[in-house]
Amino acid sequence: MTPLHDPTRIDAPKSTEGAVRPEPPASSSALNRRHFFALGGAFGAAAGVAALAGPPAFAQGGTTLTPQQSASRFLSQCTLGADLALVNEVMNAGLGSWLDAQMALPVVPFLPEVQQLIDSGAASEGDEYLYFDWVWWQRAMTAPDVVRTRVAFALSQIFVISRRVELLLDTPKATAAMQDLLLRGAFGNFRDLLRDVALNPAMGFYLSHLFNRRSDPAQNRFPDENFAREVMQLFSIGLHELNPDGTWMLDSAGQPIPTYGNAQITEMAKIFTGLAMTPVGDLPIDFGDILPTWDQPMVMYEPEHEPGPKTLLNGLVVPAGQTGMQDIEMAIDNLFQHPNVGPFLGTHLIKFLVTSNPSPAYVARVSAAFADNGTGVRGDMKAVVKAVLLDVEARDVTRIDDPQFGRVREPFGRWVQIGRAFHATSASGRFRHYGGDDVDEAGFLQQYPYFAPSVFNFFSPNHQPPGPLAAAGLVAPELEIIHAYTSVAAMNRIGHAVVNGEYLRDRFETAIPLDLATEVGIAQTSPTALVDHLDLLLTYGTLSGGTRQIILDAIMPLSGDPNAQVQLAIYLMLVCPEFGVQR
């Protein structure tokens, strides 16, 4: 069987070497630990902890949603988390109008806040790398531009840089500059985004076209091809020629047609030579020097730029005699105008936001929006994001009953959702915690912003878990990092956050807890009302009858302790299959 969609990435091996099996949280006065985790374990075994990422057992053909539930479902696709107030805001405004308002919000850059932290010396010596994390979490928990944040997070997993490289970890301004260009690009034009990525010094360092030098055959030196390969394979067109609906074009022998070969990689590598960091002040450029100008695009050092013509995709010849930046502009245009870009980008964004296995018709509609936003503009990201989120396939509630529709929630997205839904509260108003070591303790997430193990992201968009999904020709990308170990570890860490009140460990405070006052008030009214509230907030009315009964049976014996009822109900909701799979 010929696969429908372009496999654009090579699966990167994952390792849990050295990981420590997490322990259950310490006992809580609000809830007996043995009772809590026995229930959680039994629930996980019966419903499937691995099924945390498996298809929920929905009753076929009967799902309907109220306007409030529809708003909650929409927010699960376009944000990293929402509370009841935001659900009601979207319901009252209408999906399209609310989305327009989100896209009209100004970009608030990370760099000034990171720079302010650097200047103030807020972290102790050796912990300066946390400045980016602090700003990221401050925005994730408090910023109003929730759709831009979600789209930028998706883009960061396409245009990958990683702080696993020590220099980038120790230079928070570098990551902040990359985040800012993704925030701008989320609702800008894709051509500008692609150019900004190509000239970003963090990307230049990560994919080694920063300080990429012209050929010197006498020294057997030729331009580095790393970025040239990835800008085609991962950032723009993929490995094979695509139809507008994302399916492969086939040659006369029925085989997929490559988009490029080694010759095009070699020629594209020549384009990205001569780039250096922006000089400081009026000092001349010293090619090869690492400068503190991570917040500014790379500049061209003409003596190190490869001279002569270069032949790019579809036979385009970049003529000799141009400046290096003119060569780059032509190369960006060559990529941007390639017919693959619309279906390539559209498929990726659909998979990150709505469903892992979109129909060709869905991809085709998003691809058409990329090609023309309705006023003749190509690459308008606002039009593309709207096409992804407002498409009939995304909004049709009957799709909830389709076992081939939906996506496994990304581990990190699930974690942010907990903080947003239940109002993670810092006494100081600042989310200054211990960074990734805190959030992803013992590797239960296997995912944290800008910490991908390689340029191929945390997981392949075409990952097929062996078994029924692979047999059906379906992909489930996130299941590459959600498995027996991480599922159990996630249950324990979620329990710790809910029961012990430690969502994040603050650098200066004991803990950043969740605020469950609203839920406790509802529990005092009725356990059924509590489950209905959590169903709206976390699973937008799709909680199955069986799961609902399991939760009610578990919390009813705790009727004299509404705090314990709330903690257990939230815990079971967060590990149930209906929450684990976004429909």
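Here's a quick rundown of the salt bridges and ring contacts in this predicted model. The chain averages a pLDDT (the predictor's confidence in each residue, from 0 to 100) of 89, and 89% of the residues score at least 70. Over residues 1–60 the pLDDT is below 50, though this stretch still has 156 contacts (heavy atoms within 4.5 Å) in the model beyond near neighbours in sequence. Where pLDDT is low, the predicted coordinates should not be read in detail.

**Ground rules**
- Residues are numbered from 1 along each chain as its sequence is written, and side-chain values use heavy atoms, with hydrogens and water left out.
- Local features need pLDDT of at least 70 and side-chain atom pairs count only at pLDDT 80 or more, while totals for chains, interfaces and linings use all residues.

**Salt bridges**
- The whole structure holds 20 salt bridges (a side-chain nitrogen of Lys or Arg within 4 Å of a carboxyl oxygen of Asp or Glu).
- Lys386 and Asp100 pair up at 2.5 Å, N to O. Lys386 sits in helix α17 (residues 381–390) and Asp100 in helix α4 (residues 95–104), so this pair ties together parts 286 residues apart in sequence. Helices here are DSSP runs (H or I, at least four residues), numbered from the N terminus.
- Arg191 meets Asp333 at 2.6 Å, N to O. With Arg191 in helix α10 (residues 190–199) and Asp333 in helix α14 (residues 324–336), the pair ties together parts 142 residues apart in sequence.
- On accessibility (buried is under 20% relative accessible area, exposed over 50%, partly exposed in between; 1.4 Å probe, protein chains only), Arg191 counts as buried at 15%, whereas Asp333 is partly exposed at 33%.
- Glu267 bridges to Lys270, with the closest N and O atoms 2.7 Å apart. These two are three residues apart in helix α13 (residues 262–271), about one helical turn.
- Shared partners join Arg365, Asp391, Glu393, Arg399 and Asp402 into one salt-bridge network.

**Rings**
- There are 23 aromatic pairs in the whole structure (Phe, Tyr or Trp six-membered ring centres within 6.5 Å; planes under 30 degrees apart are stacked, over 60 edge-to-face, the rest tilted).
- Phe132 and Tyr450 go edge-to-face, 5.5 Å centre to centre with 85° between the planes. Both are buried.
- Tyr448 and Phe451 make a tilted pair, at 5.9 Å and 50°.
- Ring pairs also link a cluster whose members include Trp136, Trp137, Tyr448 and Phe451.
- Arg378 lies over the face of Phe336, 5.4 Å from the ring centre; the cut-offs are CZ of Arg or NZ of Lys within 6 Å of the centre and within 35 degrees of the ring normal.
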